[in-house]
Amino acid sequence: MDDLSAPADRADSFRAMYTAVYPDVLRFVQRRTGAALAEDVVSDAFLVVWRRFAEAPRNHDDARAWTFGIARNVMLNAERGEQRRQALGVRLSDIGGEPYSSSHEDAVMTRVDLSRAWHLLSAVHQEALGLSVFEDLSAPQAAVVLGISPVAYRLRLSRARRALRLLIDHLPDPSSRSAAAPERTATP
């Protein structure tokens, strides 16, 4: 789907957009909520998309980002109403991809460090990084999702990257903690 104006009428245009964007929006929501809630959120988001379809950008990528923004707002409303979860915790266990290290042990340690650092990041930083890394959105598209300017998003992303880097660089080594623990308990 390159252009949303290609199909003749509104229903066909919506159907084409829904087919093209639904899987991405579902994954977007699943990374931030439980699987049980994700389909409900996405359904509500597409109901809003249908109602506001005249406002949808004509370009596929922009329409995708616009739909992410609607899904995000629906999700935030659901979270506020039900008070079940904190906003937008991304699950690293869903991440695929190749490890950056050549050895399996290094890859595992890198993943553990990244996971520990990720959970220490603020929700705002997680959200900024998630839109770039997991959703593969450009700065203008991510800005649409968050309802901020692209410049503000780039600044937020830069701060999030810096915070993640600092956390990874300053995480205590788990092996040094376990080796130090017996010494503390042996001292009277």
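Over which residues does pLDDT stay under 50, with three contacts beyond four places in sequence? In this predicted model, that stretch is residues 177-188. Helix α8 (residues 174-186) has the lowest mean pLDDT among the elements of the chain, at 47. Helix α1 (residues 10-30) has the highest, at 91. A further stretch, residues 84-97, also has pLDDT below 50. There the model has 36 contacts beyond near neighbours in sequence. Where pLDDT is low, the predicted coordinates should not be read in detail. The chain as a whole averages a pLDDT of 78. A score of at least 70 is reached by 72% of the residues.

Aromatic pairing was examined next. The count of aromatic pairs comes to nine. One of them joins phenylalanine 14 and phenylalanine 53. Their ring centres are 5.7 Å apart. The planes meet at 80°, over the 60 degrees required, so the pair is edge-to-face. Phenylalanine 14 belongs to helix α1. Phenylalanine 53 lies in the loop between α2 (35-51) and α3 (60-82). The pair thus links distant parts of the chain, 39 residues apart. Both phenylalanine 14 and phenylalanine 53 are buried.

A second pair is formed by tyrosine 22 and phenylalanine 46. Here the centres are 6.0 Å apart and the planes stand at 35°, so the pair is tilted. Tyrosine 22 sits in helix α1 and phenylalanine 46 in helix α2, so parts 24 residues apart in sequence are tied together. Tyrosine 22 is partly exposed, at 21% relative accessibility. Phenylalanine 46 is buried, with a relative accessible area of 4%.

These rings belong to one aromatic cluster, formed by Phe14, Tyr18, Tyr22, Phe46, Trp50 and Phe53. Arginine side chains lie over two of its members. The charged end of arginine 10 sits over the ring of tryptophan 50, 4.0 Å from the ring centre. Arginine 58 lies over the face of phenylalanine 53, at 5.9 Å from the centre of that ring.

Glutamine 141 was considered separately. This residue is placed in helix α6 (residues 139-146). Beyond four places in sequence, glutamine 141 touches Asp61, Asp62 and Ala65. Its side chain also reaches the backbone nitrogen of serine 138, at 3.1 Å. Leucine 131 is 10 residues from glutamine 141 along the chain. The C-alpha atoms of these two residues are separated by 9.0 Å.

Note on methods:
Residues are numbered from 1 along each chain as its sequence is written. Side-chain values use heavy atoms; hydrogens and water are left out. pLDDT is the predictor's confidence in each residue, from 0 to 100. Helices (H or I, at least four residues) and strands (E, at least two) are DSSP runs, numbered from the N terminus. Contact means heavy atoms within 4.5 Å. Rings of Phe, Tyr and Trp (its six-membered ring) pair if their centres lie within 6.5 Å; planes under 30 degrees apart count as stacked, over 60 as edge-to-face and the rest as tilted. Buried means under 20% relative accessible area, exposed over 50%, partly exposed in between (1.4 Å probe, protein chains only). A charge sits over a ring if NZ of Lys or CZ of Arg is within 6 Å of the ring centre and within 35 degrees of the ring normal. A polar contact is a pair of N or O atoms within 3.5 Å; within protein, one must be able to donate a hydrogen and the other to accept it, and residues adjacent in sequence count only if both atoms are side-chain atoms.
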